[in-house]
Amino acid sequence: MRPEKKYLVKEATDYLNGSDFFFLTDYHGIDAEETLELRNLLSDKGAEFHVVKNSSLRIATNEKNLEGLSEFLSGHTAIVFGGEDASSVAKALGDYHKKTDKVSVKAGALGQRVLTANEVKQLAK
């Protein structure tokens, strides 16, 4: 593996290890100003938003034995992780999507359990 790819895989692995949960989002259509707004909103919840390469995240999730996420690793993918409360972060993402019709949740994980987009919506309630 090229050094650049190793770095990106390590970065993705660090994101996965940075929290007990994470959410995968489709960030297509969001501009820099909107990205800053979303990052600030999530930061208030202790969470972070990072754009990731699907191939790097696929390797990192396979190394963590998180099966079932590969099907969501296509298109524009960003990962949201961190914060003490998965529910409040999921709610913040849902509220942002309702407001802007951008940054939809693709899937997620809570511990070793993979979550569908609908399960993440339920978590937000």
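A residue counts as buried under 20% relative accessible area, exposed over 50%, and partly exposed in between (1.4 Å probe, protein chains only). Glu33 is exposed, with a relative accessible area of 67%. Glu33 sits in helix α2 (residues 32-43); helices are DSSP runs of H or I with at least four residues, strands are runs of E with at least two, and both are numbered from the N terminus. Between the C-alpha atoms of Glu33 and Pro3 lie 32 Å, at a chain separation of 30 residues.

The model is predicted: local features need pLDDT of at least 70, side-chain atom pairs count only at pLDDT 80 or more, and totals for chains, interfaces and linings use all residues. Residue numbers start from 1 along each chain as its sequence is written, and side-chain values use heavy atoms, without hydrogens or water.

Now the strands. Two of them pair if DSSP finds at least two bridges between them. Strand β1 (residues 21-26) and β4 run antiparallel, joined by six bridges. Phe22 stands opposite Ala109 in β4. β4 is also joined to strand β5 (residues 113-116), antiparallel, by four bridges. Here Leu110 has Arg113 in β5 as its bridge partner. β4 and β5 form a hairpin with two residues between them. Gly111, in the turn, has a positive phi of about 65 degrees.

α4 gives the most, six residues. By class, the lining has six nonpolar, three polar and five charged residues; nonpolar means Ala, Val, Leu, Ile, Met, Phe, Trp, Tyr, Cys and Pro, charged means Asp, Glu, Lys and Arg, and the others, Gly among them, are polar.
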